[in-house]
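Biologist: Please take me through this model, beginning with the terms and then turning to strands and cores.

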Amino acid sequence: MMKRTFAISILLFAALALNAQVLDPVTWSFRSEKTGENTFELVMTAELEKSWHLYAMDIEPGGPIPTSFTFEPGPGFTLSGKTVEVTKPEVKFDNSFSMNIGMHSDRAEFRQKITVTGSPVTVKGYVTFMSCDDKQCLPSKDIEFALELKGGAASPAGTNNATGSEVPALATAETTSGFAQLTTSDIPADTTVQQSETIQGETTQIAAGKEKKGFLKFFLLSMLAGLAGVLTPCVFPMIPMTVAFFSQGSEKKGSAIGKALIFGLSIILLYSSLGIIVSLTSAGAGFANTLSTHWIPNLLFFLLFLVFAASFFGAFEIVMPTKWVSSSDSKVDRGGALAAFFLGLTTVLVSFSCTGPIVGALLVEAASGDVLRPTIGMFGFGLAFALPFTLFALFPSWMNKMPKSGGWLNSVKVVLGFIMLAFSLKFASVVDTVYGLGILSRDIYLAIWIVLFFLMGLYLMGKIKFSHDSDVPHIGVFRLVLIIASFTFAVYLVPGLFGAPLTRISSLLPPRETSGFNLIKAISENRGGGTAVTTTDGSAICGTPKYSDFLHFEYGLQGYFDLEEGLACAKQLNKPVLVDFKGHACANCKEMDARVWSDPVVQQRIRDNFVLVGLYIDDRTKLPDNEIYVSKVDGKEKKTLGKKNEDIEISMFKTNSMPLYAILDLNGNPLIETRGTDFDIQAYIDWLDRGVEAFGNR
């Protein structure tokens, strides 16, 4: 038996030595180009191995870590503008993050303009980036660089280590044609990347389809917003007046049709122009990321949505300057095609008190995503807004079938106010979550939403009235549908107060760990005793895990976030250790949680047979001074929890990929081969069972 175990161990570690490696698929080079007297461009270039990708600079909150450049301030130079992403990223839909994400493959170039005020000048900084392939992700890296600019040209003061180490190795380069090209060391020849061409192709095809679907969905949403704008009290009554303009006089029918078309196209052009302006101003590097995460724009959007909601509730009206409206209206009397254009402009200006909040909300949503979204959104809004006016102008007889103006128009406006008030909390939540204020927790957020949609249902029933509302003598079919939808949604939110994930709207809600009350966790703590923490299904862990105040497992699983603690508990319970090397911004980690760990059989296997340890590779939590150490792998200090966990993974398995699953014995030795991204649930269960069997046969 002893010989057999020894032979298996030899084969296992031989396989690990052959297949595992520290992956470094991204090679960085840095150079400078002289663009004028005292002006330069710093050129940062990333070369990627086949099948690997690098994330873009503009990533929405909740996504992977974006590529960013940090320049150390120093004398003799100033930065001109922001770092520009020269290589346009390819945008794909990522199922793990449920969002469109920009990424670079093969090669990516970034540039930063700089003005030199002294000579010589050394510009230092570092690039932060994260890379993934279709099977695994690597933790984020900080690569330092230094460039010396002198004599009107650039000469290298230093460069990075192309293998991705944190501290760069110095190098030299020849200066030619006014700029210096910095080269980096080669990636080790034994570095290999596991890939599946079939899976990769399928993933690309699905992602492309999802991307198109995302734009189409937003376009349709924008059209729906445009139709909602038409059904407001300051827009709907304008339709008959507009039709009267095209029907007056004894003009030829063809002329009236031409004017009607010009009128409709004018409205579309005006709204689309607004979208184009936002698209152009949001095209700069880092704009979307700043807009999505910084406290200033999010606080402004929160206050703006509150103002919009108050306007829809009838507190006041948001109107364009009277001078603009009068000037546009005076030109309508001149007649001809130009009059049709100015009538469209007048319609847009007059209706702004109702459409302004809708347009503003749409632009805020659009500007935080792809730069094309504002233009697409405003085109869809303008198309839907202009369509009823144009159709009624072309076919005046349809006016007889149109519902008359009445109190229902104000009801549309008030309902939009409730919805806008609910969505304002999304921006307040971003500020609270990103900066760790702890004010707007998940349960408070949901409680406000429940009250808002319950009140909206009561309003539609006529139980609540605002100053401009009329009586509701009876409830129509459409109003009844809205009442049912409002109360149903309010009831759907209630389980979220007790820890339910509410996966259908999770992107709009604060993280579950911010909830002040979690029923599953409360039951677990109340039933626990002694030194063990007992879960609802009877499994146990030993004591309160370190870092459990901000780290957690999904699906009610209990475990540790420190390997030493996990091994100590494993010895006490005589169970093998299941280690999950993961990351907060790891797409494949989230995908494995959603598609494999969500399976009840997998969860039961983990609860019954293992002590679970989750090691976050990209966590930035600072280690206590007494826990900072120098790694035996690379000789560098490990000051954060993520760097410590990465060092553990490299030391044990010669790789730093995420996710990586390992089953260890009581001494921390691997029992069977490690496992990466694989969505075959049965294969994962079989792997867990083999680990338990190996633990029993040790």
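Modeller: Two strands pair if DSSP finds at least two bridges between them, and strands (E, at least two residues) are DSSP runs numbered from the N terminus. This is a predicted model, in which local features need pLDDT of at least 70, side-chain atom pairs count only at pLDDT 80 or more, and totals for chains, interfaces and linings use all residues. Residues are numbered from 1 along each chain as its sequence is written, and side-chain values use heavy atoms, with hydrogens and water left out.

Biologist: Which residue in E19 is the bridge partner of Phe581?

Modeller: Strand E18 (residues 577–582) runs parallel to E19 and is joined to it by 6 bridges. The partner of Phe581 in E19 is Leu615.

Biologist: How many residues of strand E19 are buried?

Modeller: Buried means under 20% relative accessible area (1.4 Å probe, protein chains only). Val611, Val613 and Leu615 point one way from E19, while Leu612, Gly614 and Tyr616 point the other way. Strand E19 (residues 611–616) is largely enclosed by the rest of the structure, because its buried residues number 6 of the 6.

Biologist: Which residues touch the most other members of the largest nonpolar core?

Modeller: A nonpolar core is a set of buried Ala, Val, Leu, Ile, Met, Phe, Trp, Tyr and Cys residues joined through side-chain atoms within 4.5 Å. Leaving aside neighbours within four places in sequence, Trp597 is in contact (heavy atoms within 4.5 Å) with residues including Leu578, Leu612 and Tyr684. Of the 56 residues in the largest core, those touching the most other members are Leu578, Trp597, Tyr684 and Leu688.

Key. Buried means under 20% relative accessible area, exposed over 50%, partly exposed in between (1.4 Å probe, protein chains only). Helices (H or I, at least four residues) and strands (E, at least two) are DSSP runs, numbered from the N terminus.
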